[in-house]
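Visitor: I would like to learn how to read a few features of a protein model. Could we take them in turn?

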Amino acid sequence: MALGLLSTLFLLSRAIDPETAIPFADKEIQDRLRDQIVTGPFYYGTTAKGDEIAFSSETLTTPQGEVGANRAEKIDVVMDLASGGQITVQANVGFFDIAQDTADLDGDVVITTSTGFRVTSTRIIALMSRLDVRSPGTVRSVGPIGTLDAGSMVLSTPENDGPAQLVFTNGVKLIYMPKQDEE
């Protein structure tokens with residue numbers, strides 16, 4: 001019986017014409033050509049200090065034909081630091097300007113560090129050539145020491161090649177939650 005079902009699968013199947021067009025709407029093709037849409041882009045690079053940066057997003061466009069400027073949606077960034085730590089960044093939307101060396105990430109930005117901190121902000125601005133991530137607005141951080149709210153934040157590597165530092169400023173409020181000893 002199984003052999004009979006399997007043979008009918010091949011006998012009754014439709015022939016596929018390799019010359020048929022891929023089913024895209026004309027409007028979608030025109031949008032892709034105008035905005036130069038790239039689906040699923042991936043970029044990998046290394047900073048001068050040895051930090052490795054991997055960037056991916058759902059889509060990447062070049063709005064209005066601007067040279068060196070891109071808009072990305074649903075962004076994931078993984079930074080493997082030369083000092084041994086790892087930082088991940090997720091955002092809804094990002095604007096990248098190669099000439100200005102900046103990435104402006106917007107909308108539910110989440111930064112997670114390998115040391116256990118999770119920082120959330122509505123916007124961050126980062127340099128693309130080195131580790132320099134700044135939040136011009138308020139941030140909230142939850143980590144091993146407790147909860148921290150601040151007016152701004154900077155994540156950078158000091159000039160003397162030390163490990164990356166996460167610095168909070170402008171009205172820092174820390175709710176310290178010490179670990180309880182288990183008995």
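Guide: Start with the surface. This is a predicted model, and the accessible surface of the protein comes to about 12400 Å², with 57% belonging to carbon and sulfur atoms. Of the 183 residues, 31% are buried. The protein has two helices and 13 strands.

Visitor: How many aromatic pairs are there, and how is such a pair described?

Guide: A pair of aromatic rings is described by the distance of the centres and the angle of the planes. The count here is one aromatic pair. Phe 55 and Phe 96 are 5.2 Å apart, centre to centre, with 75 degrees between the planes. The pair is edge-to-face because planes over 60 degrees apart count as such. Phe 55 lies in strand E3 (residues 52-61) and Phe 96 in strand E5 (residues 86-97), so the pair links parts of the chain 41 residues apart.

Visitor: Are Phe 55 and Phe 96 buried or exposed?

Guide: Buried means under 20% relative accessible area. Phe 55 has 11% and Phe 96 has 12%, so both count as buried.

Visitor: Which residues are linked in a network of salt bridges?

Guide: The structure holds six salt bridges. Arg 130, Asp 132 and Arg 134 are linked in a network. Within it, the side chains of Arg 134 and Asp 132 meet at 2.9 Å, N to O. Asp 132 is buried at 8% relative accessible area, whereas Arg 134 is partly exposed at 41%.

Visitor: Where in the chain are Glu 58 and Lys 74?

Guide: Glu 58 is in strand E3 and Lys 74 in strand E4 (residues 69-80), 16 residues apart. Their salt bridge has its closest N and O atoms 4.0 Å apart. Glu 58 is partly exposed at 41%, and Lys 74 is exposed at 52%.

Methods:
Residues numbered from 1 in each chain as written. Predicted model: local features only at pLDDT ≥ 70, side-chain atom pairs only at ≥ 80, totals over all residues. Heavy atoms only, no water. Helix = DSSP H or I, 4+ residues; strand = E, 2+ residues; numbered from the N terminus. Buried < 20%, exposed > 50% of the residue type's maximum accessible area, 1.4 Å probe, protein only. Areas by Shrake-Rupley, 256 points an atom, 1.4 Å probe, with all protein chains shown as cover. Phe/Tyr/Trp six-rings, centres within 6.5 Å; stacked < 30°, edge-to-face > 60°.
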